[in-house]
Amino acid sequence: MVEVRLWGALGAVVGGKDTLDIEARDIRELFRKLVDAYPGVEPYVKQGIAVSIDGVLYRDNWSKELPKDAEIFLLPRMAGG
Amino acid sequence: MTVATYSARDFKSVGTRPLRPDGVEKVTGRARYGADFNMPGQLVGRILRSPHAHARIRRIDTSRAEALRGVKAVITAADLPDLTGGDAGLHDVLDNCMARAEALYDGHAVAAVAAVDARTAREALKLIEVDYEVMPHVTDVDEAIKLESHVVRQPAPHSGVDPELDFSANLVKTTQYGHGDVEAGFKRADVIVEHTFKTEQTHQGYIEPHACVANFNSDGTGDLWVCTQGHFAYRHFCARLLGMQVSKLRVTSSEIGGGFGGKTHVWAEPVALALSRKAGRPVKLVMSREEVFRASGPTSATSIDVKIGATKDGIITAASATLRYTCGPYPGGWAEFGAQTAFACYNLENVRTVGYDVLVNRPKSAAYRAPSAPMAAFAVESAIDELAHRIGIDALDFRIRNAAREGTRSSYGPTYGPIGIGPTLEAVRNHPHMKAPLGKNQGRGMACGFWFNFGGQTCTDLNIGADGTVTLSVGTVDVGGSRASLSLVAAEELGIPYEQVKTVVADTATLGYNDTTEGSRGTFSSSMATIFAARNAINVLRERAAKTWNISIEEVIWEEGHARATGAGHGNLSLSLKEIAEAAPNTGGPVAGHSEIVADGAGVSFATHICDVEVDPETGATRVLRYTVIQDAGKAVHPTYVEGQFQGGAAQGIGWALNEEYVYGKDGRLQNAGFLDYRIPVCSDLPMIDTQILEIPNPNHPYGVRGVGETSIVPPLAAVANAVSNAVGVRLTHIPMSPPRILAALDAQKAG
Amino acid sequence: MSGIAVSTTINGDEVEFLCQAEETLLDVLRDRLELTGAKEGCGTGDCGACSVIVDGRLVCSCLVLGAEAEGRRIETIEGMATGDTLHPLQAKFLEHAALQCGICTPGFLMAAKDLLSRIRDPTEEEIRFGLAGNLCRCTGYDKIVRAVQDAASVMRRA
């Protein structure tokens with residue numbers, strides 16, 4: 001079980017919560033479970049969600065494991081210039 | 001399974017400063033940039049652009065242009081059918097390439113021609129008749145957000161969280177970040193500073209205009225030679241918009257004459273391909289400088305309200321910001337970046353930022369080196385300076401007291417691990433720049449900056465030639481010398497001299513997908529892939545040696561460019577890379593190592609800058625006397641090029657702070673679309689720019705490398721503003737602080 | 001055939017070409033003579049990327065008409081090295097990493113060559129003002145100035 005914090009806009013889609021508890025081994029499973037529970041999350045996953053694990057951002061590597069007790073924070077997927 | 005974690009080592013190649021592999025071509029004029037390539041039979045492409053900031057296109061009559069001798073194709077949006085399949089973002093790209101129903105900014109493309117020479121193309125443009133119905137326009141961010149403002153586009157759906165007040169339909173995105181209770185925090189503050197800051201729109205200012213040669217064959221294959229930061233991204237967009245299969249469009253990245261984010265989006269390339277398709281011949285399309293300013297992707301203009309409160313001991317109790325950013329006529333997420341990064345340097349219990357992305361009749365906003373962060377940093381760092389001053393604490397000490405550290409909940413959400421802002425501030429404290437004396441009309445300012453760095457999809461191929469020299473093919477376009485850095489990394493892993501490695505940028509047909517060179521990812525990502533490719537090649541080399549010696553691969557190590565047999569009984573068996581390569585035809589064929597990865601975990605980046613200026617109180621002119629950049633690079637692969645990134649970002653920021661801005665007339669037309677009146681810094685405007693590279697290894701890269709390219713543009717607006725404000729004794733709140741603005745501020749102070 | 005016939009000398013070679021009246025020297029160099037070292041950054045004489053030397057004088061080739069090349073002596077970046085030996089300025093630009101993207105480099109090298117032909121031992125200020133007609137967006141000019149200083153020193157000793 002990991003505790004996942006959500007940025008504002010995503011929180012609005014899951015009923016106004018800013019934290020969710022989800023059972024997931026890695027980022028891929030996390031997204032799948034989120035979309036199953038809250039179909040409104042799917043467009044955000046398609047657009048891109050970055051996952052911060054203990055302060056380090058992961059944009060694309062969905063196989064990245066979610067360590068137990070890690071701080072997980074979801075952010076919109078960003079790019080630079 | 002490749003694991004990208006840092007392990008300390010003594011570097012032999014990495015960290016040295018050899019000459020770059022593409023250098024001789026560049027100093028002899030032989031290097032080929034976007035406009036330096038030609039195809040036999042090519043036509044000259046030119047684009048007709050709207051002279052109106054907003055107009056409905058009622059009708060376009062191209063018949064007279066088509067009839068002109070030497071004109072081989074004329075196109076409008078009708079020649080670019082909508083294949084976007086409901087993808088709104090892609091449709092915006094299509095519409096920006098060529099207006100479909102409305103011209104949305106001065107310079108918006110409405111038609112294009114391909115002709116046998118430039119003279120004919122120019123004449124043809126004049127013969128295209130466009131029937132415009134001019135509409136009202138809005139170009140200012142604060143005007144555009146007002147409820148009564150003219151609306152730039154309908155429909156313009158709003159995304160994000162609910163905005164709290166009533167705004168016009170030009171507000172297309174609202175985002176919010178933060179934690180804690182800012183109201184309670186402000187109540188506890190002894191001193192509160194509250195200001196509104198404005199920054200004008202600027203352009204990345206790359207010296208090379210967009211240029212391409214496009215060839216569309218009748219069987220659906222095609223070629224595109226183009227200056228770009230991301231040829232794979234360009235392939236994706238061009239193929240989608242033209243209905244081509246990705247594998248059939250071969251995009252070659254030319255040498256690039258600067259990008260800074262502005263060449264991560266397509267502008268005229270789909271148009272060039274569409275012209276070629278219609279004409280049945282290659283088309284060369286080069287933008288003029290005026291077109292670059294009017295119709296590529298400048299950064300946002302902003303208006304930012306900042307409020308920060310602190311106790312009289314100098315501890316911040318609450319910080320909030322409302323950030324309004326222009327995104328041009330199409331939605332973007334630029335204010336969101338500002339909302340995320342504005343307070344990222346600080347350890348805050350209570351923080352709240354709200355970002356508003358606003359449509360205006362200006363060209364589509366694009367990324368400009370750490371997009372959106374410099375403006376937010378300007379507002380926050382100015383307010384921080386003011387707060388420190390009001391409380392009576394030194395500006396540096398105030399920042400050190402409140403700086404983010406490991407365990408700080410960042411203003412954008414996640415908790416920081418080990419970060420570099422503390423070390424940069426300590427380095428500032430110890431830097432001789434801080435002790436240099438200041439004279440009359442002179443002032444010193446400092447500022448901190450933050451930026452994310454990114455990874456992304458990356459492929460490299462490392463091929464070993466029969467003579468033992470190495471070709472490294474990468475897919476990240478080299479914007480600043482990364483081929484030298486990547487050669488150093490390959491040399492390091494293989495244990496061979498740098499001079500035996502040649503790094504080239506492959507085209508889209510000869511390498512797997514690579515994300516664009518942006519987000520400070522070029523060296524970070526490609527070096528990681530290079531390390532893995534080299535390690536894969538080393539496994540092959542060891543295997544070949546094992547085969548040659550008839551022992552098991554477990555008994556072979558790779559050391560200093562040689563395969564060596566370990567274990568008892570093998571004596572001093574050793575084969576060099578060259579020897580193994582020479583024997584390759586008989587040991588299994590060519591030796592290579594490949595890597596296709598998603599580089600990730602790039603980590604965040606902090607910098608602190610110090611700036612001294614002298615302001616002439618009579619003219620308002622500012623001279624930069626001294627400038628210092630201190631930034632964490634993780635591990636500087638080629639320190640000279642890291643310094644170059646620091647200096648270049650600082651120079652762009654200085655220009656932005658003091659002089660660069662888009663000037664719009666009441667008619668909504670860009671008034672200064674050229675380098676004379678859009679004045680970027682010249683050699684005589686700047687002093688030497690001192691740099692100090694800190695190396696706090698990134699735990700998620702084998703060598704500890706962090707991205708470096710962008711962060712150095714984040715502090716300068718604020719560092720210069722703080723210096724100017726200190727020099728003249730008035731807080732400047734409007735960027736650029738051009739002489740008229742400084743004089744106006746001085747006059748206002750005298751009067752009030 | 002229409003067009004203006006021009007005879008000129010470029011990097012020591014006699015060259016003949018035809019051009020239209022409105023073509024600039026930059027257009028001619030790049031599009032007719034395939035000498036693409038000079039770059040068009042602005043077309044209005046503001047960026048210096050097209051710098052060449054005409055009869056010993058540094059000019060923006062985008063501000064010179066092709067026809068004006070008649071009878072003149074033109075030097076471009078392609079003529080700066082001698083065989084396979086780089087000019088000291090070229091070598092020092094490489095050594096000091098005075099280029100990142102390199103698009104402005106040919107123009108800077110022409111301008112620096114012209115500067116050092118007039119001032120053998122320039123101060124930093126003289127270098128900065130002497131090169132103020134060339135825009136660079138990548139480097140912040142620091143390493144460019146250092147390269148010119150170093151090249152000047154080498155050239156004085158030669």
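Analyst: A salt bridge here is a side-chain nitrogen of Lys or Arg within 4 Å of a carboxyl oxygen of Asp or Glu. The model is predicted. In it, one network of salt bridges links R20(B), D22(B), K26(B), E255(B), D478(B) and R483(B).

User: How many salt bridges are found over all chains?

Analyst: The search of the whole structure gives 66.

User: What makes R324(B) and D142(B) a salt bridge?

Analyst: Their closest N and O atoms are 3.0 Å apart; the cut-off is 4 Å, so the pair qualifies. R324(B) sits in strand β15 and D142(B) in helix α5 of chain B, 182 residues apart.

User: Why is R324(B) called buried?

Analyst: Its relative accessibility is 10%, and buried means under 20%, so the term applies.

User: What separates D114(C) and R118(C) in helix α3?

Analyst: They are four residues apart, which means about one helical turn. They form a salt bridge, with closest N and O atoms 3.0 Å apart. D114(C) is buried at 6%, whereas R118(C) is exposed at 54%.

User: Why is Q204(B) called buried?

Analyst: Its relative accessibility is 0%, and the limit for buried is under 20%, so the term holds. Q204(B) lies in the loop between β9 and β10 of chain B; its contacts include F260(B), Y368(B) and R137(C).

How values were computed
Residues numbered from 1 in each chain as written. Chains lettered and ligands numbered in written order. Predicted model: local features only at pLDDT ≥ 70, side-chain atom pairs only at ≥ 80, totals over all residues. Heavy atoms only, no water. Helix = DSSP H or I, 4+ residues; strand = E, 2+ residues; numbered from the N terminus. Buried < 20%, exposed > 50% of the residue type's maximum accessible area, 1.4 Å probe, protein only. Contact = heavy atoms within 4.5 Å. Lists of a residue's contacts leave out its neighbours within four places in sequence.
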